[in-house]
Amino acid sequence: MQQILQTAIEKGCLGEGRPLAAFVDTNGTRETIRNLQKAFPAHFEHAFAAKANTMKAALQLVLESGMSCEAASPGELEQAIRAGFEPDRIVYDEPSKTRSILERVLDLGVALNIDNFQELERVESLLEGIPLRSTIGIRINPQVGAGEIGAMSTATESSKFGVALEDKGNRQALLDAYRRHRWLTAVHCHVGSQGCSLDLMGRGVRKTVDLALDINASAGSQQVQVIDIGGGLPVNFDSDEVIPTFEDYANHLRSKVPELFAGDFRVLTEFGRSIFAKNGFIASRVEYTKTSGGRRIATTHAGAQVATRTVFMPEHWKLRVSVFDSRGKLKKGDDGPCDVAGPLCFSGDLVACGVSLPTIEPGDYVVLHDTGAYYFSNPFYYNSFPAPPVFGLTTDASGALAFTTWRKQQTLEEVLNVIG
């Protein structure tokens, strides 16, 4: 990290004109994807959840590394196409699909996960008289409960996602729907994201596979050929250690849902955060320091505009913070509790509160670790602050660093045009 920061300062990626920047370790991302691919058999296809990092360069990186793409909005779909994904390497999961986006998906031949019975009727009407080019399934809510973060749990009893499997009459209605529509050849579930245990995720997948087996038994043939088990592998934000690993999850599924590994189904995953989170970080220059009520405060340029979840839900999205001097050398020691504040005009704009940090001075840099997913790639335009530059970094065999611009620093003119 120190070498990266020092080189970034030397190359002008950070400094007076660029007090805030984000970085993605492309070598590390490729290694993460290789670990994912090694953990599962070849009949598993891994689609990157574009919501985790929708930047074109990020999508091109995962495409080059052999992943497909999961899109959940019209914008994510078009970005995936621009990044180079062929339609048959994209799956579409938006819960509020309009007729126009359904027409677009079906025309392209993108895989489609239907969210509810009303949407099923809409898709049925759209398929009349046109050739079927998409793999189509229904998303179920296995209703296995919530993880540690309710807002990230999508398999609760009353989740907004999918068909509630245990609600009265729904299981039979699903069996009837698949019996009527033999073009339904997939089943999809996603238990949740950060805060969901392997056990909770595995129970959701178990119920999904059981439904697929029941559908096939009812059909008298293997009508369901694809099982989409979603993503959601949690990320450890407390240290550099990667836990749980993809191998941990694969082994858990082998134990609980062995049918996935027999090769009878094509299995799709939708990992996002676990691909990029630990391969990216945000660096911000410290502009001012002061003491208020006995508490040290460092005012930086990184706030809710790049760390929205951390600022608004700090109990669930705490980030590790490191401090470097103006030349990029790591500072050590503990000078007591410190708040790391952002530039936005509300008092809760804190990316860290009461954390033990070394002495911080104006001109130093703070680094927010594990922010490669859902942070700088999804800017929040509060106070009309521009999105920061993003750099992809690579390291060659000799250890030399090279930086590629993934996104230029947004100008004030550009951000004001976005706001309108």
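**Exercise 1.** In this predicted model, determine over the face of which ring R309 lies, at 4.5 Å from the ring centre.

*Solution.* The ring belongs to Y374: R309 lies over its face, with 4.5 Å to the ring centre. A second ring must also be considered for R309. The charged end of R309 sits over the ring of W317, at 5.3 Å from the centre of that ring.

**Exercise 2.** Classify the pair formed by the rings of F44 and F261 as stacked, tilted or edge-to-face.

*Solution.* A pair of aromatic rings is described by the distance of the centres and the angle of the planes. By the pairing rule, the model holds 13 aromatic pairs. For F44 and F261, the centres are 5.2 Å apart and the planes stand at 35°. Stacked requires under 30 degrees and edge-to-face over 60, so this pair is tilted. Next, locate the partners: F44 is in strand β2 (residues 44–49), and F261 is in the loop between α9 (246–256) and β10 (266–269).

**Exercise 3.** Classify the aromatic pair of F346 and Y382, and state whether F346 is buried or partly exposed.

*Solution.* The centres of F346 and Y382 lie 5.2 Å apart, with 65° between the planes; the pair is edge-to-face. F346 is in the loop between β14 (337–341) and β15 (350–356), and Y382 in the loop between β16 (365–368) and β17 (390–395), so the pair ties together parts 36 residues apart in sequence. Buried means under 20% relative accessible area. F346, at 23% relative accessibility, therefore counts as partly exposed. Y382 is partly exposed, with a relative accessible area of 30%.

Terms used
Residues are numbered from 1 along each chain as its sequence is written. This is a predicted model: local features need pLDDT of at least 70, side-chain atom pairs count only at pLDDT 80 or more; totals for chains, interfaces and linings use all residues. Side-chain values use heavy atoms; hydrogens and water are left out. Rings of Phe, Tyr and Trp (its six-membered ring) pair if their centres lie within 6.5 Å; planes under 30 degrees apart count as stacked, over 60 as edge-to-face and the rest as tilted. Helices (H or I, at least four residues) and strands (E, at least two) are DSSP runs, numbered from the N terminus. Buried means under 20% relative accessible area, exposed over 50%, partly exposed in between (1.4 Å probe, protein chains only). A charge sits over a ring if NZ of Lys or CZ of Arg is within 6 Å of the ring centre and within 35 degrees of the ring normal.
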